[in-house]
Amino acid sequence: PEHLFQAKLVAAWLTGGAIDPAYQVHLHATYSLFYLLVFGFSQVMPLAAAGRAAISLYFVGMYVAARRVLWIHGSDQPPAAAAFLLAPLAVNHAYYLGFVNYLYALPLLLIGLTQLLAALRAGWTGRSATVHAALLAALLLCNAIALAMYLAVVGTWLLLRLGDRAARRRIALSLAVALACAVAWMVAAAMHAGPGDGIALHWLPLWRNATFYLMGFTGYRLADGPHVGFLLLWVAAAIVATGAVRWATLRHRHGLLLSASGAAILLLVTLLGPFRAGAVAFVSPRAAEGSYLCLVLAAAMVAIPRRFALALGVAAGLLVALTIGQEARVSAETATLKPLIALMAPGAAVYPQMIAPGSPELESYVFEPHLHDVYYYHLARGGVSPYLFPARSASATPVSFAPGFALPAPPEDDPKFYWEVHGGAYRYVLTRGGNGKVFAYLRLGGDLRGVSGEWQLYERKTQPPPKGRPLKPLE
């Protein structure tokens with residue numbers, strides 16, 4: 001919802017409308033596609049529908065990419081059944097983490113790799129090279145990390161095909177265009193960088209990264225206990241693929257080698273790379289999605305009998321059905337917030353006390369689907385809450401607080417809220433999770449206005465708590 005809220009402000013800014021003076025808008029060429037799509041759709045439909053339409057374009061893109069993989073060997077050849085697996089893989093880490101602009105990069109990344117594989121067979125034409133260059137530029141506009149992933153994969157391909165002069169030249173052309181896009185981005189980023197824009201790397205242990213990668217096949221839960229249905233269906237798909245090997249036909253030996261090498265290099269980035277660079281540039285989570293796509297592409301280089309292809313299609317369909325159910329349950333958790341939003345006055349400052357931002361549907365260590373649910377209130381009624389990126393020209397999102405504006409708040413990942421330090425700035429405290437001690441503390445400075453599901457709404461008292469009563473931070 002925080003992305004949709006920012007899209008609402010971007011739409012008002014683009015049409016010359018008034019926005020809350022607490023915010024400023026600064027669109028850049030990269031990381032802005034979702035917000036611009038929402039703006040376009042919002043001209044003909046309500047904002048909520050515009051947000052759904054913008055996300056739906058990602059799934060349309062995955063469908064286009066899957067069709068390209070399905071018929072990668074030509075329309076006169078049997079389809080590549082591995083493409084069916086792209087359907088359940090479309091709802092992935094990036095989707096649940098809310099990387100909206102990066103999502104658009106995934107089908108572009110896969111289409112770009114299939115274009116290069118086609119060029120290795122038949123060479124570049126003026127038209128195909130132009131379309132490929134435009135696609136790589138679009139990849140950069142979606143997310144610079146996606147372009148870096150493409151460079152890593154294609155650079156590996158170049159090393160593997162150095163001995164083939166024709167292949168070397170065709171790969172080098174794609175690599176040169178991608179490098180030109182990367183250099184242009186780095187120059188623009190350097191020109192707009194402000195003080196304090198350095199990038200700090202954050203690392204996770206190897207076992208954490210490994211479980212993160214495996215979660216794609218366990219319903220995005222692992223340490224908390226995998227979803228058995230997802231796990232069994234992915235195991236069944238693996239058994240089908242393994243059983244089909246005996247009757248399989250290798251269609252494209254070099255394509256198999258190159259695609260498998262791409263999956264391997266991105267798996268290494270997932271396992272050994274930084275989890276995050278700076279505040280918002282998640283690296284290893286994004287590399288995991290790229291590795292999955294390359295795995296599917298590698299499997300598409302092998303033809304399997306029709307009965308095995310049908311079994312893969314059935315497994316993929318059942319996985320999609322499980323995914324839809326999982327999404328519906330997470331949405332039902334979010335919907336319990338609606339009755340409390342109806343109780344809140346418009347234009348208020350709200351402190352979101354997210355003690356339990358996760359969902360039993362998803363791995364608690366990684367996914368916090370309710371962390372920013374307070375923005376559903378802001379979408380409906382305006383107002384402010386404290387956790388937006390600071391005002392800086394190189395922000396990865398188009399909206400930040402205006403220079404000089406800030407609300408007192410503890411760190412978002414360590415929410416130790418003090419009424420006497422922070423409470424005076426807010427009319428409401430919206431909390432999710434907690435225990436009796438937490439709720440007793442919140443009642444010292446606020447009146448309980450409503451309870452719905454795991455949510456509780458407190459409105460700050462007009463009078464401060466009695467003197468002499470200790471106000472301790474939440475434990």
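Contact here means heavy atoms within 4.5 Å. The structure is a predicted model, in which local features need pLDDT of at least 70 and side-chain atom pairs count only at pLDDT 80 or more, while totals for chains, interfaces and linings use all residues. Residues are numbered from 1 along each chain as its sequence is written, and side-chain values use heavy atoms, with hydrogens and water left out.

By the contact criterion, Arg286 touches Phe99, Tyr102, Asn143, Ile145, Met149, Val280 and Ala281, residues up to four places away in sequence not being counted. Arg286 lies in helix H13 (residues 284–299); helices (H or I, at least four residues) and strands (E, at least two) are DSSP runs numbered from the N terminus. Arg286 is buried, that is, under 20% relative accessible area with a 1.4 Å probe and protein chains only. Arg286 has no salt bridge, a term that requires a side-chain nitrogen of Lys or Arg within 4 Å of a carboxyl oxygen of Asp or Glu. The nearest side chain of opposite charge is Glu289, 7.0 Å away; Lys and Arg count as positive and Asp and Glu as negative, with His and the chain ends not counted.

Ala281, one of the contacts of Arg286, is the bridge partner of Ala277 in E5. Strand E4 (residues 276–277) pairs with E5 in the antiparallel sense over 2 bridges, pairing being assigned if DSSP finds at least two bridges between two strands. An open, antiparallel sheet of 3 strands runs in the order E2-E4-E5. Strands E2 (201–202) and E5 (281–282) each have a single partner strand, so one side of each is left without a neighbour in the sheet.

Gly273 belongs to the loop between helix H12 (253–272) and E4. Gly273 counts as buried because its relative accessibility is 9%.

Methods. Buried means under 20% relative accessible area, exposed over 50%, partly exposed in between (1.4 Å probe, protein chains only).
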